[in-house]
Amino acid sequence: MAEHIKFKTDRLLHGGDYNPEQWLAYPEILEKDIELFKKAGINVVTMGMFSWSALEPEEGKYNLEWLSEIVERLYRNGIYTILGTPSGARPKWLAEKYPQVLRVDGQRRRDLFGGRHNHCYTSPAYREKVWQIDKLLGEEIGNHPGVILLHISNEFGGECHCPLCQEAFRQWLKEKYGTIEELNRRWNTIFWSHTYQSFDQVESPSPRGESMLHALNLDWKRFVTHQTADFAEKEKEALQAGGCYKPVTLNFMDDFDGLNYRKFKDVIDVASWDSYPEWHRKPEKITAVETAMQHDFMRSLLKKPFLLMESSPSSTNWQDVSKLRKPGVIQAAALQAVAHGSDSALYFQMRQSRGASEKFHGAVIDHYGGADTRVFREVSETGKALELLREVVGTQVSSSAAVVYDTENRWALLDSQGPRNIGMPYRETSQKMYGAVRRQGLNTDVIDMEDSLEGYKIALIPMPYLFRAGFEEKVSRFVEQGGIAIMTFWSGVADDTDSCFLGGTPWKLMDVFGLCSMEIDGLYEGEFNGAVPVQGNSLGLNRKYSCKNLCELVKVSDAEVLMEYEKDFYQGMPVLTCKKYGKGKAYYVCADMEQEFYTDVLDRIVRQENLEVPLKTIPEGIEVCTRESSEWIYTFVQNFNHQPAKISIEENMERWFGGDEDDGIPEYGTAVYRKRK
Ligand code: GLA
Ligand code: ZN
């Protein structure tokens, strides 16, 4: 594993994306911005990601002075810089001179110039031009004391099917499989006579060509991740070649499955992400849980504090509807990130641009330009709150539960053609399981199959269709040593090149769970079945729950059946089973159950196993998380309901932030309690 450079900040970072290149002709605005930043408690800005044509207006003619000056001026005013590299959007001259930098799509058509985030990551010309400018940024700006972090490119994503990428893909395959015979065997290419005679014949998937060879699709996605991570790594090396060895981050996106973010673990020193929940579309308590899961996913990448790199201080311009955040939500969202382990709450953007695509995206300073706006006021309040909470900087989140949410599994599962092409509820099932543990106030990591399960008390394993990285062994060891595993339908069906296991599933875990899967029924839209409790079941479940989408039919060998199907020809067959195995327990959920089912099952398991929870009673819509230092445990309590919430805390906890309102924590309010360890 690569050595990580430690990222340290002495305060909770508050600020965000700032594009001074758009304002170079307005020096008075640049001056005023600094005053406004100070007023709003802004202590960091991210610059440079979209500045390429201002930094290198013509090939080889660089102009970095304006950026150096702004970095220096901000620093003198107590504001740090996160320095971006500009590879997310290239200048026109570059695309004209080196057309190979333009991406080719799956139809094999090359893009025209325009937009952003659309370059070929293989192109030597692109890599070279990026190297030169990054190296110079490293030399001239990166070592300024105001620069605390290097932000490589912007929201990496997308794929290129150009001849250069095809060649790189073939090389990657050659290294992976050695011989074409081995590739044919692992990919099962004999199906429909698609056998290759040599690596030269392999092409990336295309809607005009090969698109149903699932192992090809899977390896192509892996290659795209590999190539993108390699590109990012080269950017880091360029900055270092310029003498700048500061910590590096990449800004990840919300539940993005175009890349397997876990493969970027070695490139980054601190994880960061851009959070744009559609607040007020669903009940806020649901949006909060969905966002929480993403925070936990990002934190779990390096298992240390992460950064909230972007969020909108009001609306976005790209969602269906530009919904304003209701009063209090800016702060609630910022502190939610902190509660989950973020050392920052940053916005896109500091100042709203005048023209082009994002002119109507929310900003801390809008076109009106004053401090007397609702958003500015709320941002300033948030700045004050972050200052008060400064002590939590760098503190850790320690989790007793983990949800295994695996990108490669997701790729294969959604690509598989059957058992339900109109929707495989992977994300939904993961969210339901996550929501159920969060409801208990248990800190939860969101990990993948490459991670270890050691140290957790509960492992929630939604639809692990594809077994890889020795996952089956990890699960059986985990249960054997006393862990509680809750695994669902459609488990252990295929290996890591998406070839189905022979001899029964969940593969190599039939003994641990005490059952074997026999069939799986896809349900039409609007079709439901139910689960009814078996009298005297060990969790004391006593009500009926509904299920939809997928119902698996299993044959139990030696597990307790806790719930059974309510109807259809499989009425009376198991829906929920449990087997004691070694020192632990292995639960199996056979159908796509409703949220309430998971919530109740988790509630009963937590009580039965006497697991330690941060608060005894947590009302619905109240989110509870803890961070800890060597001395203190900080318990964050946030109210995502519309009525104030009265919380009873334990005797040894002291009120530290908020929570002093007479009628309880208000709507979108946060209270933080402290107790000595
Ligand atoms: C992304 C990008 C930003 C900006 C915002 C708008 O997160 O990284 O540059 O476009 O979206 O919401
Ligand atoms: Zn390419």
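Histidine 117 is buried, because its relative accessible area is 17% and buried means under 20%, exposed over 50% and partly exposed in between (1.4 Å probe, protein chains only). Histidine 117 sits in the loop between H4 and H5. This is a predicted model, where local features need pLDDT of at least 70, side-chain atom pairs count only at pLDDT 80 or more, and totals for chains, interfaces and linings use all residues. Residues are numbered from 1 along each chain as its sequence is written, chains are lettered from A and ligands numbered from 1 in the order in which they are written, and side-chain values use heavy atoms, with hydrogens and water left out.

**Around histidine 117**
- A polar atom of the histidine 117 side chain lies 3.1 Å from the backbone oxygen of asparagine 154. A polar contact is a pair of N or O atoms within 3.5 Å; within protein, one must be able to donate a hydrogen and the other to accept it, and residues adjacent in sequence count only if both atoms are side-chain atoms.
- Leaving aside neighbours within four places in sequence, histidine 117 is in contact with Phe50, Gly88, Arg103, Asn154, Glu155 and Gly157. Contact means heavy atoms within 4.5 Å.

**Annotated positions**
- An unreviewed UniProt entry lists Arg116, Asn154 and Trp318 under "binding site". Such annotations may be inferred rather than shown by experiment; positions are given in the numbering used here, and feature names are shortened.
- Arginine 116 lies in the loop between helix H4 (92-97) and helix H5 (124-142). Helices (H or I, at least four residues) and strands (E, at least two) are DSSP runs, numbered from the N terminus.
- Arginine 116 counts as partly exposed because its relative accessibility is 33%. Not counting residues up to four places away in sequence, arginine 116 touches Phe50, Gly88, Ala89, Asn154 and Glu358.
- Asparagine 154 lies in the loop between strand S4 (147-151) and helix H6 (163-177). At 3% relative accessibility, asparagine 154 counts as buried.
- Outside the four places on either side in sequence, asparagine 154 is in contact with residues including Met49, Arg116, His117, Asn251 and Glu310.
- Over residues 17-387 the chain is 40% helix and 9% strand. The end C-alpha atoms are 20 Å apart.

**Zinc site**
- Cys120, Cys160, Cys162 and Cys165 coordinate the zinc ion (ligand 2) through SG, at 2.3 Å. Donors are N, O and S atoms within 2.8 Å of the metal (3.2 Å for Na, K and Ca); water is not among the atoms, so sites may look incomplete.
- The arrangement is tetrahedral, because the 4 donor atoms subtend angles of 101 to 116 degrees. Four donors count as tetrahedral if all angles lie between 85 and 135 degrees.
- The donor spacing in sequence is C-x39-C-x1-C-x2-C.
- Cysteine 162 and cysteine 165 are buried. For cysteine 165, the relative accessible area is 3%.

**Cysteine pairing**
- The count comes to 0 disulfides, taking a disulfide as a pair of cysteine sulfur atoms within 2.5 Å.
- Cysteine 500 has its closest cysteine sulfur in cysteine 516, at 14 Å, too far for a bond. Cysteine 500 counts as exposed, at 53% relative accessibility.

**Helix H12**
- In helix H12 (residues 407-415), 7 of its 9 residues are buried. Among them are Trp411, Ala412 and Leu413.
- The buried residues of H12 pack against helix H8 (214-241) and helix H13 (426-438).
- At the start of H12, a side-chain oxygen of aspartate 406 comes within 3.0 Å of the backbone nitrogen of glutamate 408.
- Glutamine 417 follows H12 and has a positive phi, near 55 degrees.

Notes:
Four donors count as tetrahedral if all angles lie between 85 and 135 degrees; four count as square planar and six as octahedral if opposite donors are over 155 degrees apart and all others between 65 and 115; anything else is irregular.
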